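Hello,

Here is the two-chain structure for you to open alongside this note. Below it I have written up what turned up when I went through it.

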Amino acid sequence: MIKKNFKDITDEEPSKVHEHISFLKANKAWVKKSMQIAVGVLKVLREKNISQNTLAEKLNVSPQYVNKILKGNENLTLETITKIEEILNIQLINIITAHCQTEVIVPQNLKVYSKQTKPTRVVPAKKAAKVKTLNTVKQ
Amino acid sequence: MKFNTIFEPNLYSVIFDNNTDEFEKFLRFLTDATQLEVYFNENRNVLKYYNISIEDAIEKTLDLSIELYEYLKLNRNNLDKIFEPLKSFGGEYALHRMKFKSNWIRVYAIKIESKYFVITGGVIKQSNKMKEHIGTQKQLVNLSKVREYLLEQGIVDVDGFFELINEKNDDKKEF
């Protein structure tokens with residue numbers, strides 16, 4: 001075999017792993033949230049025995065798009081997240097109001113979301129009082 | 001069999017099929033919530049061992065994948081220091097089977113001389129013995145495939161390996 005110069009191999013195509021990692025590093029903050037949402041949805045799909053195809057039909061999108069969402073690298077819109085919440089009857093995101101002191105009155109027939117990761121403090125209407133809260137749960 | 005460059009000139013990865021090298025495949029697996037959710041559900045002993053929930057394990061694995069990439073990049077001139085030989089294959093005269101480990105991640109490679117490595121795949125490790133787990137069994141097969149291929153091509157040293165890659169490039173240019 002003829003010995004060749006190392007520079008002859010620098011035309012070799014680099015792995016596409018670099019693109020993927022650059023993307024993740026540049027977008028790590030929201031990718032983490034996207035993964036958390038994906039994991040939450042996957043958990044409910046598994047527990048309720050709902051297929052990704054069924055979710056796609058209900059969302060009125062392609063199965064390929066649902067597959068993409070559930071990889072956890074997709075920049076989801078609030079609209080998409082809300083639709084998923086409604087279809088699966090789960091809560092994926094809370095609106096957090098930090099450093100806020102507010103009066104919270106909660107109707108006694110509050111709809112309790114299944115599979116909440118953090119329990120919401122419910123204050124019955126009769127005992128309405130000024131409470132310090134960090135979470136405003138969308139009813 | 002072809003090879004992609006990961007970090008020149010020391011780190012490469014084998015391509016078995018679909019023009020995707022095994023290192024890229026592994027990192028995509030580590031950053032795919034669907035695949036990880038299936039994996040951790042099927043291998044709950046990893047979660048028990050680390051006392052961690054599926055949700056936290058998936059999030060942690062995303063962090064580990066980026067750290068893995070950066071660590072290999074940082075140590076690309078010292079891969080011999082961060083990869084260790086597979087214990088059950090001691091005594092090989094060349095093209096040693098090596099592994100890199102970080103938390104529950106394992107990356108496997110064939111070492112060509114002291115500095116050059118060809119990644120053959122990776123896995124989330126769950127048991128002490130490679131042979132016990134089907135995922136790591138596949139890694140043993142990958143290591144053997146690449147090693148045998150390189151030996152068949154007469155590659156036991158670095159110069160031979162680069163000549164092989166150059167020949168593959170020349171074949172491509174004809175088309």
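Let me begin with the middle of things. Of the 35 residues in the largest nonpolar core, those touching the most other members are B:Leu11, B:Leu27, B:Ala109, B:Ile110, B:Phe117, B:Val118 and B:Ile119. A nonpolar core here is a set of buried Ala, Val, Leu, Ile, Met, Phe, Trp, Tyr and Cys residues joined through C-beta atoms within 7 Å. Buried means that 20 or more other C-beta atoms lie within 10 Å of a residue's own, exposed means 12 or fewer, and partly exposed is in between, with C-beta atoms placed from the backbone. Strand S6 (residues 105-112) of chain B gives this core its largest share, five residues. A second, separate core has 23 residues, including A:Ala38, A:Leu88, B:Ala57 and B:Ile124.

Before going further, please keep in mind that this is a predicted model: local features need pLDDT of at least 70, side-chain atom pairs count only at pLDDT 80 or more, and totals for chains, interfaces and linings use all residues. Residues are numbered from 1 along each chain as its sequence is written, while chains are lettered from A and ligands numbered from 1 in the order in which they are written.

B:Val118 is worth a look on screen. Leaving aside neighbours within four places in sequence, B:Val118 is in contact with B:Phe3, B:Tyr12, B:Ser13, B:Val14, B:Ala109, B:Ile110, B:Ile112 and B:Val146. Contact means that the C-beta atoms of two residues, placed from the backbone, lie within 7 Å.

Now the two chains in outline. Chain A has five helices and four strands, in the order α-α-α-α-α-β-β-β-β along the sequence. Chain B has seven helices and seven strands, and its pattern reads β-β-β-α-α-α-α-α-β-β-β-β-α-α. Helices (H or I, at least four residues) and strands (E, at least two) are DSSP runs, numbered from the N terminus. Of the 139 residues of chain A, 16% count as buried; in chain B, buried residues make up 40% of 175. Among contacts between residues at least 6 apart in sequence, 56% in chain A join residues at least 24 apart, and the figure for chain B is 46%.

Where do helices of the two chains pack together? Helix H1 (residues 17-26) of chain A packs with helix H1 (residues 22-30) of chain B at an angle of about 25 degrees, their axes 9 Å apart. The axes are lines fitted to C-alpha atoms, for helices over the stretch in contact, and angles run from 0 to 180 degrees between N-to-C directions. H1(A) and H1(B) are therefore roughly parallel to each other (angles under 35 degrees count as roughly parallel, over 145 as roughly antiparallel, 65 to 115 as roughly perpendicular and the rest as oblique). A:Val17, A:His20 and A:Ile21 meet B:Phe23, B:Glu24, B:Leu27 and B:Arg28 in this pairing.

Finally, some backbone details in chain B:

- A cis peptide bond joins B:Glu8 and B:Pro9, with omega about -15 degrees; B:Pro9 lies in the loop between strand S1 (2-7) and strand S2 (11-17).
- B:Asn51 has a positive phi of about 50 degrees although it is not a glycine, and it is exposed, with 7 other C-beta atoms within 10 Å.
- B:Asn103 also has a positive phi, near 50 degrees, and is found in the loop between strand S5 (96-102) and S6.
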